[in-house]
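Here is a short note on charged side chains and how they pair. Please read the points with the model open.

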Amino acid sequence: MDVLLSAERIQARVGELARQIAEDYHGQPLTIVGVLTGSLIFLADLVRRLDLPLRIGLLQASSYRGAVTAPGELRVGPDLVPDVRGRHVLLLDDILDTGQTLAPLVRHLRDLGPLSVRVAVLLRKVGRQTVVLEPDYFGFDIPNAFVVGYGLDYNDEYRNLPYLAVLPTAGAAEAARDTR
Ligand code: XMP
């Protein structure tokens with residue numbers, strides 16, 4: 001597979017994002033909420049570099065992709081989010097593609113009464129957003145290809161690769177069920 005982002009580039013950028021986030025929240029308590037399963041590696045690397053009073057939550061969302069460009073209905077699973085009332089929340093995901101996953105999750109978190117909700121994604125696919133959602137933090141803009149590694153999967157495999165690679169059979173991958 002072609003490597004799109006090396007492990008070294010990813011690690012360097014995650015370090016920059018951590019510095020930016022720590023500066024912005026300036027010692028205020030933060031709850032980072034990761035979207036299962038793709039955000040796990042990003043989350044683990046990021047939180048270990050954040051010197052802030054921190055809580056971690058997780059939530060699950062899944063959509064059925066029946067066609068290359070048409071994500072299906074989003075289902076939000078039972079979430080594992082500690083009480084966020086009176087706290088800042090940073091929603092974390094691996095990739096912003098159409099935006100149809102993150103937009104409803106932001107609304108869901110806002111309903112829980114936090115002080116604020118911001119969004120951080122490691123990757124943003126250029127020209128794919130159908131929902132207006134500007135991430136507050138993002139690592140890299142990438143071309144419209146199906147990518148795996150660093151938490152991202154194809155049929156639940158490849159998540160453990162420390163780098164990001166382009167899957168050769170891109171069409172088949174996007175047509176598959178999104179397993180997160
Ligand atoms: P939306 O379209 O809702 O999609 O922004 C976000 C979710 O779709 C999955 N996704 C991918 N997963 N390689 C993957 O392994 C990709 O290239 C890719 N593009 C989108 C991912 O689960 C993300 O959270």
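1. First, the terms for exposure. Buried means under 20% relative accessible area, exposed means over 50%, and partly exposed lies in between (1.4 Å probe, protein chains only). E134 is exposed, with a relative accessible area of 61%. R124 counts as buried, at 15% relative accessibility.

2. Now the source. This is a predicted model, where local features need pLDDT of at least 70, side-chain atom pairs count only at pLDDT 80 or more, and totals for chains, interfaces and linings use all residues. Residues are numbered from 1 along each chain as its sequence is written, and side-chain values use heavy atoms, with hydrogens and water left out.

3. Side chains of opposite charge can pair when their charged atoms come close. A salt bridge here is a side-chain nitrogen of Lys or Arg within 4 Å of a carboxyl oxygen of Asp or Glu. By this rule there are eight salt bridges.

4. Which residue forms a salt bridge with E134? R124 does, with the closest N and O atoms 3.0 Å apart. R124, E134 and D141 are linked in a network of salt bridges.

5. Are R128 and D97 buried or exposed? Both are buried. Their side chains meet in a salt bridge, at 2.6 Å from N to O.

6. D83 and R85 also form a salt bridge, with the closest N and O atoms 2.9 Å apart. D83 is partly exposed, at 40% relative accessible area. R85 is exposed, at 60%.
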